[in-house]
Protein chains: 2
Amino acid sequence: MVGIGERRGRTASADSDGLVDRIGQVVGSKGLILDPRDMEPYLTDWRRLYVGRARAVVRPASTPETAAVVALAAAARVAIVPQGGNTGMVGASVPDDSGRQIVIALGRMNRIRKLDPLNNTLTAEAGCILQQIQEAARAEGRLFPLSLGAEGRCQIGGNLSTNAGGHGVLRYGNARDLVLGIEAVLPDGRIWDGLRALRKDNTGYDLKQLFIGAEGTLGIITAAVLKLFALPEEVVSAFVGFERLEDAMVLLARLRAALGETVTAFELIPRIGLELARRHLANVADPLAGPHAHYLLIEVAGSGRDRDTREAVEAALSEALQAGLLSDAVLAASTAQAKAFWRVRETLSEAQALEGPTIKHDVAVPISEAPAFIRRATTAVEAALPGVRTVAFGHLGDGNIHFNLTHPAGDDPKVFLARQTELNRIVHDITADMDGSISAEHGLGQLKREEIARYKAPLELELMRRIKATLDPLNIMNPGKVL
Amino acid sequence: MVGIGERRGRTASADSDGLVDRIGQVVGSKGLILDPRDMEPYLTDWRRLYVGRARAVVRPASTPETAAVVALAAAARVAIVPQGGNTGMVGASVPDDSGRQIVIALGRMNRIRKLDPLNNTLTAEAGCILQQIQEAARAEGRLFPLSLGAEGRCQIGGNLSTNAGGHGVLRYGNARDLVLGIEAVLPDGRIWDGLRALRKDNTGYDLKQLFIGAEGTLGIITAAVLKLFALPEEVVSAFVGFERLEDAMVLLARLRAALGETVTAFELIPRIGLELARRHLANVADPLAGPHAHYLLIEVAGSGRDRDTREAVEAALSEALQAGLLSDAVLAASTAQAKAFWRVRETLSEAQALEGPTIKHDVAVPISEAPAFIRRATTAVEAALPGVRTVAFGHLGDGNIHFNLTHPAGDDPKVFLARQTELNRIVHDITADMDGSISAEHGLGQLKREEIARYKAPLELELMRRIKATLDPLNIMNPGKVL
């Protein structure tokens, strides 16, 4: 136990310039965490790749409080690390190990300010949990389509700051595409109110785009106006077995021709992924009778004419079967069966982790190039490390492949892990050569901050740095991340 | 006739620093217009509100030529005016009257570089006519959904630089939403290759967003990767008569619940608009038997299951009729009838112009506020000028109203026109008070450059100016536009 006196003592000694004291006057005791043990969850990232230290964790209750804290930090030239649910994968939301940075965690700002069903918009504060927003929309018969594994914990401010992807991108786009307006605290502590709820506004530069996906390096998003959609009445889920990767891309084009934008998910699962999931986890079933080289989890979400949707999916898959594009397919007969399909998809990472340490890649290429990428990258890593096991899965319909590696069966995983940098280089070089992205969903943060310099044109890096210097001349907003 | 010798003579005398000569060496004689009469179409805007002069009109044939010309102009500190099809409404694409600026017209760069049906993308040079792109997509069974009145003449570079709206926004978004990557020439003449064809790419700031909608003030867009969509197989068009504006918003929500994102158009036509069109133009029919206060032109574009779509539209409209949301409705029985519906919508501007001079407003408010806006603005302009005739029409489903005024019947139109500034002020003040935009589709250009300062927060204007100063420190890229 650390006594109040002790804590106070340590705080005072570390606060020779009085900054933390002044911040405390703004946010009150509820908004200030100084005890190292209480700070801990804010200092380590989701994957535990980074462990930092902080002078204080500040939890403001409102946008004006956030602004006041930023202004105080800016005046003292103290760096700020904005943090949402802290579920990011690249260390963007944790402080460095200097102990001088201040974490601003937005979790107390979790009010849904407005829901306008006729405008199909919802205005949320940054600290709203994604699931809370989904549920608020659903209660009004609307859909907020952003959906990802961490949705029970991640916050919308972080989702927007990282331009989150997830399951709904194929139909609804990335987080960036789901925003009409934002409110942000700038690095000098001023509040920019860009909370417009308009479908059309051509009155100058679209400044919100700068803050979305900037991983907190240009300011702190404190609220946003989000787009809502019609709630699909029923979802048709199909599990498809097929043999040639190229056929999947033709199948996707056919499904879209037949079903338009109602195709919501088009997820790739390799045979080895299904096998690992069945080996290591309970309640994972192979939905199809025979083995197939690859599988697709396809979801079509219809509105109002569901029996038609189901028939149309059946017809499209039958035609594809006739055309030799797939070997077998089954439609979920119940919600439970659809969940069982998704369980295969969602346990892939965990199953692979249970097999041993993994070397992960989150890449995107043009959709049409995805099969060629998987083949080329697989050949290259197998040449470098014979026997390496490739689990290439994910959002095939977006060209986004989680190209993850497991050590050769029987080998020492440590030998495999020692070659991580080399294997990353092989996969990312091929990605770049195919005009792809080495971080499709997860951002740069600390993890890929240096590596991106190898792949992004110097001119583009220069433009990014010029924008950063213009908006954050003191370099106090999440320094050491992205660039 | 101006002889070659004469022209040369004038050129030489006006080219004391040799800039035009150096540019001519880059682009050749095909790429340089110096004859005042040949320059004329490039110096006047579409609405003939602005007539400028130019030192030269340059028509580069490639991105490297464009870059070289910009570099020469930058070195000479000579301002550049980028120009596409020159169909903008706010004077953004014409030079000032100094005669010192150089127009760079992109029309010769009209190559479609690539069409990838499986990636659903098309890579076009800036000078491609919008219609050319639509047709290239259609030839591959794909839809490029950007569609607007000037599509036979406007160029994609201009569409992106102005973030064009048009008819497809309700379903497919504005031009900004249809772009995956761009290539741009920066104000210093360097080429930024951001021609990525990826659905997901989280590797730093999304720089393309800066150039889209910047009206050529931050650089010249020279090419873009555009998103394509499934081609709808048949379109169901409905013409609806109704009495209370608020009911339209409820109807839109119901249609979306029943039909999802397949609702493609939701256009408002007021009774007075239909009357003016029938009075002044041939081949305009009232599709409904009795008179109604307002009309909607609704379009639903289904994929593959068209009979279902038609039945679903009929069912949804029948239910709305039962619920008292509308008075009458008719579905087009043929393409010819659908065209007749659209003729009513598309002749509104022309019909109003034939009635006399018009005072136009292109505003947007939240969709849910559109009825209140129309009522409030109508009351206000009628109070200021009794008898003024309001024709409020347009993209109601986007909250985008063309709130256009005609002089009181019997009055002198000149007296009406003399009050333009006052009436603009009334309408725009109400728009701003309802958190709307005073330029929904058309941009700022020269026309609204000063007026926007009244409505946009000083902080936002400051941020825009800081971005401009960072990317264009010499202020040579389309100065005097936007900000």
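**Exercise 1. A salt bridge within chain A**

Find the salt-bridge partner of Arg345(A) in this predicted model, and say where both residues lie.

*Solution.* 
Step 1. Arg345(A) pairs with Glu267(A); their closest N and O atoms are 2.6 Å apart.
Step 2. Apply the cut-off. A salt bridge needs a side-chain nitrogen of Lys or Arg within 4 Å of a carboxyl oxygen of Asp or Glu, so the pair qualifies.
Step 3. Place the residues. Arg345(A) sits in helix α12 (residues 335-346), and Glu267(A) sits in strand β13 (residues 263-270).
Step 4. The two are 78 residues apart, and their pairing links distant parts of the chain.
Step 5. Over all chains, the rule counts 56 salt bridges.

**Exercise 2. Confidence**

Decide which stretch of chain A has a pLDDT below 50.

*Solution.* 
Step 1. Take the whole chain. Chain A has a mean pLDDT of 94, and 96% of its residues reach 70 or more.
Step 2. Then look at residues 1-13 of chain A, where the pLDDT is below 50. Beyond near neighbours in sequence, this stretch has 11 contacts in the model.
Step 3. Where pLDDT is low, the predicted coordinates should not be read in detail.
Step 4. Turn to the complex. The predictor gives an ipTM of 0.95 and a pTM of 0.95.

**Exercise 3. How the two copies are related**

Work out what relation superposes chain A on chain B.

*Solution.* 
Step 1. Chain A goes onto chain B by a rotation of 180°, with 0.0 Å of shift along the axis and an RMSD of 0.1 Å.
Step 2. This is the relation of a two-fold axis.
Step 3. Check the surfaces. Of the interface residues of chain A, 99% are also interface residues in chain B, so the copies meet through the same surface.

**Exercise 4. The interface**

Describe the contact between chain A and chain B, then the side that chain A supplies.

*Solution.* 
Step 1. Count residues. In chain A, 85 residues are in contact with 84 residues of chain B.
Step 2. Take the area. The two chains bury about 7200 Å² between them, 54% of it on carbon and sulfur atoms.
Step 3. List the polar links. The interface holds 12 salt bridges. One of them joins Lys200(A) to Glu441(B), at 2.7 Å from N to O. There are also 42 residue pairs in polar contact across the interface.
Step 4. Name the elements. Among those of chain A supplying at least two residues each are α9 (245-259), α11 (306-322) and α18 (458-471). The largest share, 10 residues, comes from α18(A).
Step 5. Sort by class. The side of chain A that touches chain B has 36 nonpolar, 26 polar and 23 charged residues.

Note on methods:
Residues numbered from 1 in each chain as written. Chains lettered and ligands numbered in written order. Predicted model: local features only at pLDDT ≥ 70, side-chain atom pairs only at ≥ 80, totals over all residues. Heavy atoms only, no water. pLDDT = per-residue confidence, 0-100. Contact = heavy atoms within 4.5 Å. Least-squares fit on C-alpha atoms with pLDDT ≥ 70 in both. Buried area = accessible area lost by both parts, 1.4 Å probe. Polar contact = N/O pair within 3.5 Å; in protein donor to acceptor, adjacent residues only side chain to side chain. Helix = DSSP H or I, 4+ residues; strand = E, 2+ residues; numbered from the N terminus. Nonpolar A, V, L, I, M, F, W, Y, C, P; charged D, E, K, R; others polar.
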